[in-house]
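Dear colleague,

Please find the structure below, with its sequence.

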Amino acid sequence: MGKPTGFLEIGRRTARTRPVHERTHDWQEIYLLQPADDVQGQGARCMDCGIPFCHQGCPLGNLIPEWNDLVYAGRWQQAFQRLASTNNFPELTGRLCPAPCEGSCVLGIADDPVAIKDVEVAIVERAFAEGWIVPRPPAVRTGRRVAVVGSGPAGLAAADQLNRAGHQVTVFERADRIGGLLRYGIPEFKLEKGILDRRLALLEAEGIVFRPGVDIGIDMSVGDLRRSFQAIVLCAGAEQPRDLHVPGRELDGIHFAVDYLTRQNRLCAGDVLPAEGDISAAGKRVVILGGGDTGADCLGTAHRQGARSVHQLELMGQPPATRGPGNPWPEWPRVFRTSAAHHEGGERWFSVVTEGFLSNGSGRVSALQGVPVEHTHGRDALSGHPQESFVLPADLVLLAMGFTGPRPTPLLAELNLRMTERGTVWRDAAWMTSEPGVFTAGDMQRGQSLIVWAMADGRSAARAVAGWLMTQSDLRAATARREV
Ligand SMILES: Cc1cc2nc3c(=O)[nH]c(=O)nc-3n(C[C@H](O)[C@H](O)[C@H](O)COP(=O)(O)OP(=O)(O)OC[C@H]3O[C@@H](n4cnc5c(N)ncnc54)[C@H](O)[C@@H]3O)c2cc1C
Ligand code: SF4
């Protein structure tokens with residue numbers, strides 16, 4: 001283990017942020033990398049538990065106590081090798097993951113958990129800085145061709161794994177740039193896109209072919225794909241945003257969060273966008289519906305654009321400061337969280353129902369009408385307080401209430417895939433959809449989730465695809481032998 005008495009001597013220390021007055025005037029990442037000493041201190045705190053629950057919490061099964069110990073010992077390169085053995089893109093999870101591993105860290109029972117995520121990002125950034133991460137194309141190619149549809153974290157992880165196994169992988173992406181929500185959903189201040197591009201350059205140098213600007217089902221049919229590829233992995237995400245069906249929803253100035261965030265990400269990338277369709281928050285009174293991470297991303301974006309005021313409204317009640325009795329360790333702690341964006345300003349209101357939107361008389365939203373509610377019996381039973389109904393001025397309303405599942409695209413129509421009751425793509429235990437040879441991974445089959453789950457799914461699906469391709473070639477070889 002790290003230092004036997006480390007957890008008694010050293011407190012939890014997480015990455016520092018750039019000052020609010022500085023960072024809200026640019027789009028660069030909020031968090032600073034930790035000094036090596038601090039990271040090693042967190043490695044020292046790890047108790048190398050007999051049953052490391054952090055493993056169980058991490059969907060990737062990261063070998064956390066092993067790299068904690070190696071970092072404490074200053075053996076960074078070995079730590080990186082352990083980290084890379086389970087995680088294709090630690091620079092992404094180390095920045096963006098809410099760290100379920102930390103929620104299940106044993107130290108968290110009696111103290112603050114090890115700052116695992118900070119150790120992770122420090123290891124991978126050290127590896128890049130030292131030049132330990134270089135393209136490693138597979139030594140042997142199998143001759144099998146696999147198409148991956150969608151270039152978010154699920155598609156990229158599946159492509160990486162299949163390419164390493166020697167298959168020739170092509171990733172098709174509808175958008176003009178590769179990356180899925182990493183590119184156009186998550187704001188620059190959480191993930192500078194240069195970090196993503198650095199990884200994409202490696203994947204390309206290792207032999208993965210990227211085809212952005214190709215919408216499968218429109219620009220190319222699945223039938224065409226089938227003729228050129230032995231297997232297809234659908235990683236097209238869960239892109240259907242949850243809407244709000246209340247009076248006034250049709251007014252101008254009410255937008256889905258992803259449309260708003262995409263536009264800003266495009267501007268950060270240097271795109272020149274037409275003025276019509278502009279959704280800037282500059283000088284506006286902004287109301288965000290949805291108290292989750294997407295809402296917080298809108299909050300940070302609105303402040304950087306120069307919003308006059310920002311309110312973030314949430315239907316559910318404010319979570320408790322510490323774990324409730326029905327939420328014991330090692331479950332994910334359902335507690336009140338404050339992201340870096342919340343430290344930059346704005347107001348958060350909980351237990352609020354939106355009744356409708358008011359017009360300024362010219363077809364544009366001017367206010368939100370809402371009512372405070374009580375959660376009487378669990379999550380779904382609400383009782384309002386009509387006498388406390390309020391009107392909140394709003395020039396821009398952003399709907400950040402999650403996603404209901406994959407969009408009904410021509411791709412899905414062409415394949416006519418079996419769907420689950422939740423509206424996601426059905427798959428069997430071997431990650432295959434109802435269509436033979438067509439697999440799926442990520443949000444498309446799981447529903448709206450996390451990057452770490454998308455990557456874990458992509459890895460699992462890749463393993464299943466590789467096994468299936470082997471069966472196919474065995475079958476083909478057997479058939480060929482019989483024919484001889
Ligand atoms: C604003 C926002 C912020 C988030 N922040 C975080 C965070 O900080 N941490 C975290 O863990 N998770 C976060 N998430 C969730 C996370 O981004 C997703 O769970 C994850 O990206 C899902 O990965 P995926 O590969 O399944 O799909 P996606 O990332 O959605 O990628 C799917 C891709 O498929 C493409 N596609 C769809 N149909 C076709 C087609 N027919 N042909 C070609 N391409 C197609 C789409 O254009 C898209 O690029 C956030 C989500 C949002 C919306
Ligand atoms: S649960 Fe926490 S203390 Fe135990 S091995 Fe994992 S990171 Fe270390």
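The notes below go from the overall fold to the ligand and then to single residues.

This is a predicted model, in which local features need pLDDT of at least 70 and side-chain atom pairs count only at pLDDT 80 or more, while totals for chains, interfaces and linings use all residues. Residues are numbered from 1 along each chain as its sequence is written, and chains are lettered from A and ligands numbered from 1 in the order in which they are written.

Overall fold

The protein chain contains 18 helices and 16 strands (DSSP runs numbered from the N terminus: H or I of at least four residues for helices, E of at least two for strands). Its radius of gyration is 24 Å, which agrees with the value near 23 Å that a compact globule of 484 residues would have (taken over C-alpha atoms; the globule rule is 2.2 Å times the number of residues to the power 0.38). Along the principal axes, the C-alpha atoms fill a box of roughly 85 × 60 × 45 Å.

Domains and their contacts

The domain assignment gives domain 1 (6-130), domain 2 (145-239 + 405-483) and domain 3 (245-401); such bounds come from an automatic or database assignment. The C-alpha centres of domain 1 and domain 2 are 29 Å apart. Between these two domains, 16 residues of domain 1 are in contact with 18 residues of domain 2 (contact: C-beta atoms, placed from the backbone, within 7 Å). On the domain 1 side, α7 supplies the largest share, five residues. That side divides into nine nonpolar, three polar and four charged residues (Ala, Val, Leu, Ile, Met, Phe, Trp, Tyr, Cys and Pro count as nonpolar, Asp, Glu, Lys and Arg as charged, and the others, Gly among them, as polar).

Cores

The largest nonpolar core has 91 residues, and Ile-123, Ala-158, Val-233 and Phe-439 have the most contacts inside it (a core is a set of buried Ala, Val, Leu, Ile, Met, Phe, Trp, Tyr and Cys residues joined through C-beta atoms within 7 Å). The element that gives the most to this core is α18, with eleven residues. At least three residues come from each of domain 1 and domain 2. Apart from this core lies another, of 30 residues, including Ala-257 and Leu-368.

Ligand 1

Where does ligand 1 lie? Domain 2 and domain 3 both give residues to its shell, so ligand 1 lies between them. The shell holds 39 residues, the closest being Gly-150, Gly-152, Gly-180, Gly-237 and Gly-442 (near: C-beta atom, placed from the backbone, within 6 Å). Among the elements that give two or more residues are α10 (153-164), β2 (168-173) and α14 (257-268). By class, the shell has 20 nonpolar, twelve polar and seven charged residues.

Backbone details

The peptide bond from Trp-329 to Pro-330 is cis, with omega near 5°; Pro-330 lies in the loop between β8 (309-313) and β9 (347-349). Ala-99 has a positive phi, near 60°, and is buried, with 22 other C-beta atoms within 10 Å. Asn-416 also has a positive phi, near 50°, but is exposed, with 9 other C-beta atoms within 10 Å.

With kind regards

Definitions and conventions: Buried ≥ 20, exposed ≤ 12 C-beta atoms within 10 Å, placed from the backbone.
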